[in-house]
Amino acid sequence: MLLLALPLPGQASEIYKTVDKNGNVTFTDSPGAREKAEPVELTPITSIPSTQTTGRSSIKPLNNRKEGIYPVFTITEPANDSTVRDNGNFTVKVSLKPRLVKGHTLSLSVDGVQQGPPQRNPQFKLKNVDRGTHQLSVTILDPKGKTLKTAKSTVHVQRTVFRPPTPVPTPAL
């Protein structure tokens with residue numbers, strides 16, 4: 001097949017350029033009778049020999065590429081620097097594109113403490129989170145548990161505190 005792609009000496013032909021009365025340029029392999037045709041000088045084709053491969057691909061599989069594998073990866077709920085007012089119960093939602101590759105999982109940490117085992121579901125339900133400011137971190141893990149990418153967010157939790165009224169001291173008689 002390679003021999004069919006190579007030009008043979010008898011196949012080489014000239015290329016001509018013609019310009020009609022409207023200024024349209026045409027390239028052809030025959031000079032034509034009506035218009036004045038000019039021969040075009042072509043530069044030789046540069047050929048690059050192929051390199052031998054060792055059988056191993058230099059392209060890393062999708063699972064091992066860290067950069068660009070998930071171009072969209074953010075914590076969407078609760079929004080960064082937002083306040084949660086539901087007695088410390090809320091859902092953390094993650095947006096990522098493309099979908100998780102087979103074998104990859106998501107892990108949620110609150111203030112550096114992992115919340116449950118890694119999962120494939122991009123939603124995490126948190127219950128009874130203490131009031132105050134907390135750092136949320138969701139990590140994409142490969143099948144070996146290695147971190148591929150991390151998204152971070154800050155959330156402020158406000159909880160209703162019920163304090164019974166303080167008894168009024170009774171004056172001593």
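Predicted model: local features only at pLDDT ≥ 70, side-chain atom pairs only at ≥ 80, totals over all residues.
Biologist: What makes β4 and β6 a pair of strands?

Modeller: Two strands pair if DSSP finds at least two bridges between them. Strand β4 (residues 72-77) and β6 have five bridges, in the antiparallel sense, so they count as paired. One of the contacts sets Ile75 against its bridge partner Val94 in β6.

Biologist: How do you know that β6 also pairs with β9?

Modeller: By that cut-off of at least two bridges. β6 and strand β9 (residues 123-126) share four bridges, and the sense is antiparallel. Val92 has Phe124 in β9 as its bridge partner.

Biologist: Which residues of β6 make up its covered face, and which its uncovered one?

Modeller: In strand β6 (residues 90-97), Phe90, Val92, Val94 and Leu96 form the covered face. The uncovered face consists of Thr91, Lys93, Ser95 and Lys97. Val92 and Val94, both on the covered face, are the residues already named as bridge partners of Phe124 and Ile75.

Biologist: What makes β1 and β3 partners?

Modeller: Strand β1 (residues 15-19) and β3 are joined by four bridges in the antiparallel sense, and at least two are needed. Tyr16 stands opposite Pro39 in β3.

Biologist: Why are β2 and β3 at the edges of their sheet?

Modeller: The sheet is open, with three strands in the order β2-β1-β3 and antiparallel pairing. β2 (25-28) and β3 (37-40) each have a single partner strand, so one side of each is left without a neighbour in the sheet. Neighbouring strands here are turned against each other by 30 degrees on average, direction ignored.

Terms used
Residues numbered from 1 in each chain as written. Heavy atoms only, no water. Buried < 20%, exposed > 50% of the residue type's maximum accessible area, 1.4 Å probe, protein only. Helix = DSSP H or I, 4+ residues; strand = E, 2+ residues; numbered from the N terminus. Axes fitted to C-alpha atoms, helices over the stretch in contact; angles between N-to-C directions.
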